[in-house]
Amino acid sequence: MSVKINENYLLLESNYIFSEITQRVEKYQKENPDVDVISMGIGDVTRPLPQAVIKKFKKAVDEMSKKDTFHGYGPEQGYDFLIEEIIKNDYEPRGITLSKEEVFISDGAKCDTGNIQEIFGLENIVAVTDPVYPVYVDSNVMAGRTGPMGDDGRYHNLVYIPCTEENEFVPELPETPVDLIYLCFPNNPTGTVLNKKQLTVWVDYARENNSIILFDAAYEAYISEKDIPHSIYEISGAREVAIEFRSFSKNAGFTGTRCAYTVVPKELLGFDAKGNPHSVNELWNRRQATKFNGVSYPIQVAASAVYTPEGQAEIQESIDYYMKNASIIRDSLSKLGLKVFGGVNSPYIWIKTPEDMDSWQFFDLLLNEAHIAGTPGVGFGPSGEGYLRLTAFNTLENTKEAMERLSKLSI
Ligand code: MLT
């Protein structure tokens, strides 16, 4: 007998969307070595880590070199010094009380949103908004919770909730009952948001249907408008039905450094086949303790510096910088007559392709004619067809240059 593979992997598209784009851009760059491609595809930051973070980071690395201050294995759930700062700064000012055991430090919201499905049964019906951050879909495909992808670009057994121009990117409640619901707001990829009332509809749905919401709030720092919840726990009753994912990647530049956290309230319950309730917090704790050895000490110290007054000022400066790029992108594209969404409470701008081009045609046009790499909307799901996403994470100079190049295209 030979080794058998997990055949669920064969149901996936051959490449993860961002790897596919990297490959295409690299190929183009190889064939056109003199061209300067401006990357506005993957949502990777360009500004360095804040000085406040670097200072604490270096000091913590130094501690690792001395016998008396060296740190070996840390708690799998994260160090108290960081968890306490998170609760005090990210939640208490919004009237949310969390205990230390409800916050789990990790190496990324991507990993946590991909791994969380493991603690839930395969028979659960999963709902995703469409377009969607592909990790939620792919991780459920890998686990065997879906069938193959149909000709309509949808995996069987997965419930797609379209978020389009027609419904102003506000997901409507599913027509058939669902168990696990992934919501990401501010949304990746559309850059749109839900206000309190709109998010309350989902929390109420989850409470009435015994569903669990997996709420990805990785972009909350970009919210600029009032009445937009930064945390799902601002909605009454959400503690019983929601897990929240947060990250230091996009607010503080940790995309390469890796630090994030997940909140799993103690009230959250899942049920076994006999109908007995079980603590979801305990299951996640058990999973993490077995499969994860925690984020390194220097990185957690570095992340804690985000909450110092100096760190807060620096991250605000970066957010303002990226949001200025976002408004430049929005204004320039609108002037060209393109329809744009997002970019007000989010670093992502979602563009309707001109002249009924499909997403990949518009991607190719931008790459070939303006040397700009975006992300084709269809890479985020079938409702993303006919759209393209640009990020505001490049430098101001490159953003301006990209818009200048675009203005010369006949679109
Ligand atoms: C994106 O471009 O959508 C993000 O980089 C995804 C991520 O943070 O993994």
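**Sheet, pocket and domains**

Analyst: Strand 3 (residues 126-130) runs parallel to strand 5 (residues 180-184), and 3 bridges join the two. This is a predicted model, in which local features need pLDDT of at least 70, side-chain atom pairs count only at pLDDT 80 or more, and totals for chains, interfaces and linings use all residues. Residues are numbered from 1 along each chain as its sequence is written, and side-chain values use heavy atoms, with hydrogens and water left out.

User: Why are strand 2 and strand 4 said to stand at the edges?

Analyst: The open sheet has 7 strands in the order 2-8-7-6-5-3-4, with mixed pairing. Strand 2 (103-106) and strand 4 (158-162) each have a single partner strand, so one side of each lacks a neighbour in the sheet. The twist averages 20° from one strand to the next, where axes are lines fitted to C-alpha atoms (for helices over the stretch in contact) and angles run from 0 to 180 degrees between N-to-C directions.

User: How do you know that helix 8 packs on the sheet?

Analyst: Contact means heavy atoms within 4.5 Å. Helix 8 (residues 280-291) touches strand 2, strand 6 (212-216), strand 7 (242-247) and strand 8 (260-263), and its direction makes about 25° with that of strand 2.

User: What makes up the lining of the largest pocket?

Analyst: A pocket is an open set of points on a 1 Å grid over the protein atoms alone, where a 1.4 Å probe fits, with protein on both sides within 12 Å along at least five of seven lines; lining residues have an atom within 4 Å of a point. Of the 23 lining residues, N124, N210, L269, G270 and F271 are the closest to the centre. Strand 9 gives the most, with 3 residues. By class, 11 are nonpolar, 6 polar and 6 charged (Ala, Val, Leu, Ile, Met, Phe, Trp, Tyr, Cys and Pro count as nonpolar, Asp, Glu, Lys and Arg as charged, and the others, Gly among them, as polar).

User: Which domains divide the chain?

Analyst: Domain 1 (8-48 + 310-407) and domain 2 (54-308) divide the chain, with bounds from an automatic or database domain assignment. Their C-alpha centres lie 24 Å apart, and the contact takes 37 residues from domain 1 and 50 residues from domain 2.

Note on methods:
Two strands pair if DSSP finds at least two bridges between them. Helices (H or I, at least four residues) and strands (E, at least two) are DSSP runs, numbered from the N terminus.
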